[in-house]
Structure formats: structure tokens, C-alpha cells
Amino acid sequence: MRHAFGIFLRTPAKTYLWLVIAALAVSLCAVNQWLPESQRLFTGDNWLRDHYAQLRAKDLPEERLALIDIDDHSISVLGATPWPRERIADLIEKLIADFNVRGVALDIYFEKQQDTVGDQRLAVLAAHGPVVLAQAFDFHKNKTTPARNGQLIGGVPAATFSQTDLTHMAQATGFIANHAGLGDARYIGNIGFVPDQDGTLRRIPVQTRFDNKVYDALSRVLLQCCSGRKTDKVFGSNSRFSDVDENGFARVDYSRTLTSYEVVPALSVLQGTTPLESLHGKYIIIGSSSLSLADRVPTPLLSSTSGFLVHAQALTTMLDEEEGQHYVKWPGRWIALLFSALTAGIAVFMFPRFSALANTLMLGVASAVWMALAYLVVDHDMWFSPVSPLVTNFFLLAVAVPFGWQTAQRKSRRLLGTLQQYVAKAVVQELLRSDLKDPLAPRQLHVTTLIADMEGYTSQVENLSMEEAASLTREFLECLTAPVLEKGGTLDKYTGDGLVAFWGAPLPVENHADLALDAAIEIVRNVRKLSQLYEQQGRKKIRVRIGIESGIAIAGDFGSSFRSIYTAVGDSVNTASRLEDAARHFPHDIIIGKGTVESSTRHVFQPLGERLLKGKEKPTTIYTVEVML
């Protein structure tokens, strides 16, 4: 006992700090894993799962079912929707009688009676044929007046289920159903859903509770109606649909690419141009991809997907499971936690002994290994957090790597590594040669601040893909950054689609105003050249707005014990920001304050009058400078 206690006392304090850092890193993973999905501390799970889904989706033709699409061409030829019920009845009868399909499900509901003959024909088909009608349940809990439209039909008494089964079903608050004339339908399925917070449809309520009854989703009812095999009332443990979230929703397994499904225009069925054998013996889902019907949702596979394709994906999963492709549940949470603990253990061993570069590479390799492992695990655990081990690695990268680097490198390396991120190399070299005791300590200096931003950034990128938006942002920031560093400026920060820079700190510069103006003029030239290139490519014109002001500011290393940044604060900095914002009201790209005009020695300015800037009590005289291409 004494020997063990002596070892404990002789253990260096830094060792305990490493252990504390490792324990905190693993605890982040654990907490995030066991919180309900809607309450997790760190986002990114859905983003990562979506990309895995895109990689896993097979481009394999789905020959067991087909989709009948009331598409825009069918509508343009046969007339606008809603179509007469007789036409819908004709479509169903042709599919059953001429094509001998296995069964038909409609991703459409009929709230009001439209025409007597058509509705009567639909009622007969729904009462006697292999036809599944649709009704939509509402799951929003915060509505003051839940939906109660149409006549709700079908369902199995909730008393026939165990209490445990009921707690794993989605709880509806309202519904939109068909009119009473279709009340004798034998089969009816739910098509209601709730997208995730980002609007993407990733999960559906396969079994829904409402008013002491349980209702199945459209895809399951179609399978029950037409498979010839009776399914259990509750999904078994070897089904993906038994693995639900805290609200009773099952994750849709987007196992096929959207091009895997045979989509037949409704027009070709009605006109008899579709080969009979192409639909023979298949499950059929009727829906619409028409933009006019607004039945399109974002999914992990595509940003705009027809709603009936989601039901098709669910039906594919059920058919796969019937053919023996069962869901094997893995302990995803524990796998992630053990991986995080292993990474943290390796970090505790490596970080005090190896360089920051080697430790960073280790975390990079660990993250890559986890990404590959998570690709396998997400197929066997629908709800664990695949991002959590990456959070552990990021915490180690953000805390442990700097901690080890700081203890090994000390002050000179820290100064060099920090300043090179936002100060021109010549300035860094001058700082290292200077005899300043602490060159990063906050000091009062006369500086010139330049703030640049892209005009109308949101409108520029709203119709671009993620890759195009990223490319635009990167090319624009390159136009801004190069002149700042070439003119010896200090890059304070990027602001998404712009930057903040200043001259005169950390080292005083006599001609800081003229250097900032030189950089601003070069920035405008760069952006105009880039804009001309974009216009030649048929893209939108881009414009930069720049605000410049000179004055006294406090420049230094500001922040906390956790993180700090070298920046400048003061009234002149705030004024530069206001001037940049004011540029939107002028045809001039550069708006300059009086302080910069008075500090400049070699530029000619054009006065623009006075303007009351935001936050100022008195009008400010503003200027611009001509930019010659």
C-alpha cells in the first residue's frame, strides 16, 4: 500500500493532466452516444449517414415493383390535376386487368367527392380489388387545432398489442383522410411523415397509434394486401423497422439508387403504349413527380425526390427482408465508445513523446479508420452517433496536441506558429528579430483597418451546388487575401465571404494607410477580373465592398485560457465595418473614412459627402478612391 501510494506521489503532474484530457475526450463520446438523437450535443450524424447512404446505394434494377408517375408530360396531355376520379379508376383497372399487376397502392388521397361515377368506381375497386388507398397522419405535437379531415378508416385495435409494442410506435395527433364514400376500402396505408429539422426525409412512421388504433404505412399495407403471405402485426427483432427512434419512427434504408426503380408515365399506361410484360406481377405505387403538386422532398440521395419513391424504398427493404436479408443489430454505441477509448489511450502514450505533427497524423489516421468502420456499423445500428468518435479526436486535436506542443516548444515556436497564420512572412521575421519582450501583448497603436465583403453573397450561392458555392467562396477570398499579405497586412480573420485585415500592428508602420489603400485597389482589380470571367461563363456578376478607416486601436492577443486570437479593437475598426456596410448604397467599391485620408500621403480621394453611420451620433465625411484597371 505504501509503495503504491509512493508511486502515486512521484507521478508527474503532467501525466495526470494527460489522463484528464483523455478522460474528457472519451466522456464527450459517451455523453453524445447515450443522449436522445434530438438532444445530442454535436451535430453531423445525419450528414455523415447521408454520405454513407449515397455510397451504399446499389444501382441494381428493382424488378419486384414499379412506379406509375402522374408526371408533368401526362398532365400537359391529359389535363391539370386533380384528375377526374374516372381517369384514376381507368388507370387502376388497366393495371389490374391488362397488366395483371400484383397490387396497386395510391400515394394520393381523395378528400372530397369529385364526380359520382368516378368515385363509385374507385369505391368498388378499393372494396374488392388489390388496391391500397392512402390517408396521411399528422405528427406535429404543437398544433393548437390538429387536422381532422375526411373519414379515418382501417386500423387494428391497440388492445391487441402489448404495452411495450405500443411505446415503440409513432403517436399521431391528427389526420387527413378520404371522403366517406371510400369508407368501405379493405386496405389503407399511412403516407404521413415528419422530415428532420433540415427538411430531409430520413425516417417514416411504419406503425402509427391514433385513438386506440394502430395503422400501418402504405408500403407495408401493400405487402400485406398482395404478397400472399400474412405478416405479423409487429415487426420482428430481425427487421430494420423494429429499430425505431424515441418517437417511434424507423429510418428509411435508401438501399437502391433512385434510377434503380422503373418509373412509367401514367399517360403511357392509359394510352396502352407500355409493354404488358414490363409490369406483370409487380407491386405498383401510383404517385406524382410533377412540380405543380409539390409532392417532392429532400432525401439523403437527392435534394428533390418524389414522395412515392420513399415508399418504394421502404417496400424494397420489406421485400428484401422477406427474402432473408435480415437486419442484424450491432451495439454501435459501445463500438464507438471503445474505439474512442482506444484512440485516447494511444494519445496518452504518444503525445508526450512525439512531435505535434506526428500526433496530428495519428489522429488523422484514427479518424480515417473510424470513418471506414462506421461505414459498416451504420448498416447495423440505425441510431448510434457515428460522429462522436470524431468529436473525441477533434477534442484531442484541439486540446491535447496544443498542450503537448506548448510544453515542448515554448515561447518562440508558439510565436512563430501563431503569427504565420495571419501575418505576412516579412512581418514575422521582423518580429523574431525585434527585442520586444512580448510582441503579442495588447498595445495601443495607430492602425488602418480594411474590411472587405462580397455583395449579395446569399443570392450568389442560393442556386449553386455545394461544390460550386465552395469554389466561388475560395476564389473570392484568394482575390482578397493575396493583396493583404503582399502589402504587409495582418489578416485578422475571415468572415465567411470576406475578411478583416489591418496595417500598423503588431509592428508600427509609418505608411499603413497607403499600404491598406494599395491592397484595396488591388483587391478591386482582382475581383473585377474574376467577375468578368464569371460573366463570360454565363454566371452572375460579383462585386466587393470595402471599408477603410485609420485611427487608434488596441492590438494584441485577446481571448481566454482556452483560445485566443491576435486582433485589433477600437472605434476606427468599428467605423471601417460601418463604411463597408455603407458601400452598398454607392456605386463605389471602396469607401474611406476621414482618418485614412488624413494619414495617406500618396493617394487622391474623391469626397462623397457626409453620411450618418450606424451607431454614430454625428454624420461622418466619407471618401472613395479611383481604381484604374
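**Close-up views of the predicted model**

**View 1. Helix 6 and its buried residues.** In helix 6, the buried residues are Gly118, Asp119, Leu122, Ala123, Leu125, Ala126 and Ala127. Buried means under 20% relative accessible area, exposed over 50%, and partly exposed in between (1.4 Å probe, protein chains only). Helices (H or I, at least four residues) and strands (E, at least two) are DSSP runs, numbered from the N terminus. This is a predicted model, in which local features need pLDDT of at least 70 and side-chain atom pairs count only at pLDDT 80 or more, while totals for chains, interfaces and linings use all residues. Residues are numbered from 1 along each chain as its sequence is written, and side-chain values use heavy atoms, with hydrogens and water left out. The cover over the buried residues of helix 6 includes helix 5 (85-98) and strand 3 (131-138), where contact means heavy atoms within 4.5 Å. Helix 6 runs over residues 116-128, and at 1.5 Å a residue these 13 residues should span 18 Å. The expected span is 1.5 Å times one less than the number of residues. The end C-alpha atoms of helix 6 are 18 Å apart, which agrees.

**View 2. Glycine 129, between helix 6 and strand 3.** Glycine 129 belongs to the loop that lies between these two elements. Its relative accessible area is 10%, so glycine 129 counts as buried. Leaving aside residues up to four places away in sequence, glycine 129 touches Val124, Arg186 and Tyr187. Isoleucine 92 is 37 residues from glycine 129 in sequence, and their C-alpha atoms are 9.7 Å apart in space.

**View 3. Helix 16 against helix 17.** Helix 16 covers residues 466-486 and helix 17 covers residues 512-536. Their axes come within 8 Å and cross at roughly 155°; axes are lines fitted to C-alpha atoms, for helices over the stretch in contact, and angles run from 0 to 180 degrees between N-to-C directions. Helix 16 is therefore roughly antiparallel to helix 17. Angles under 35 degrees count as roughly parallel, over 145 as roughly antiparallel, 65 to 115 as roughly perpendicular and the rest as oblique. The two helices cross in a right-handed way; a crossing is right-handed if the near helix is turned clockwise from the far one by less than a right angle, and left-handed if anticlockwise. From helix 16, the contact takes in Leu472, Glu475, Phe476, Cys479, Leu480, Pro483 and Val484. Helix 17 contributes Ala519, Glu522, Ile523, Asn526, Val527, Leu530 and Tyr534. By class, the residues of this contact are 11 nonpolar, one polar and two charged. Ala, Val, Leu, Ile, Met, Phe, Trp, Tyr, Cys and Pro count as nonpolar, Asp, Glu, Lys and Arg as charged, and the others, Gly among them, as polar.

**View 4. Helix 8 against helix 10.** The axes of helix 8 (residues 218-226) and helix 10 (residues 307-322) come within 8 Å and cross at roughly 45°. That angle makes helix 8 oblique to helix 10. The crossing of helix 8 with helix 10 is right-handed. On the side of helix 8 the contact has Leu218, Ser219, Arg220, Leu222 and Leu223. These meet His311, Ala314, Leu315, Met318, Leu319 and Glu322 of helix 10. Seven residues of the contact are nonpolar, two are polar and two are charged.

**View 5. Two cis peptide bonds, at proline 82 and at proline 506.** The bond from threonine 81 to proline 82 is cis, with omega near 0°. Proline 82 sits in the loop between helix 4 (72-78) and helix 5. Alanine 505 and proline 506 are also joined by a cis peptide bond, with omega about 5°. The loop that holds proline 506 lies between strand 19 (498-503) and helix 17.

**View 6. Positive phi at asparagine 100 and aspartate 211.** Asparagine 100 is not a glycine, yet its phi is positive, near 55°. Asparagine 100 is placed in the loop between helix 5 and strand 2 (103-106), and is partly exposed, with a relative accessible area of 42%. Aspartate 211, not a glycine either, has a positive phi of about 50°. Its loop lies between strand 10 (207-210) and strand 11 (213-216). With a relative accessible area of 59%, aspartate 211 is exposed.

**View 7. Helix 18 and its buried residues.** Ser572, Val573, Thr575, Ala576, Leu579, Glu580 and Ala582 are buried in helix 18. At 1.5 Å a residue, the 12 residues of helix 18 (residues 571-582) should span 16 Å, and the end C-alpha atoms are 16 Å apart, which agrees.
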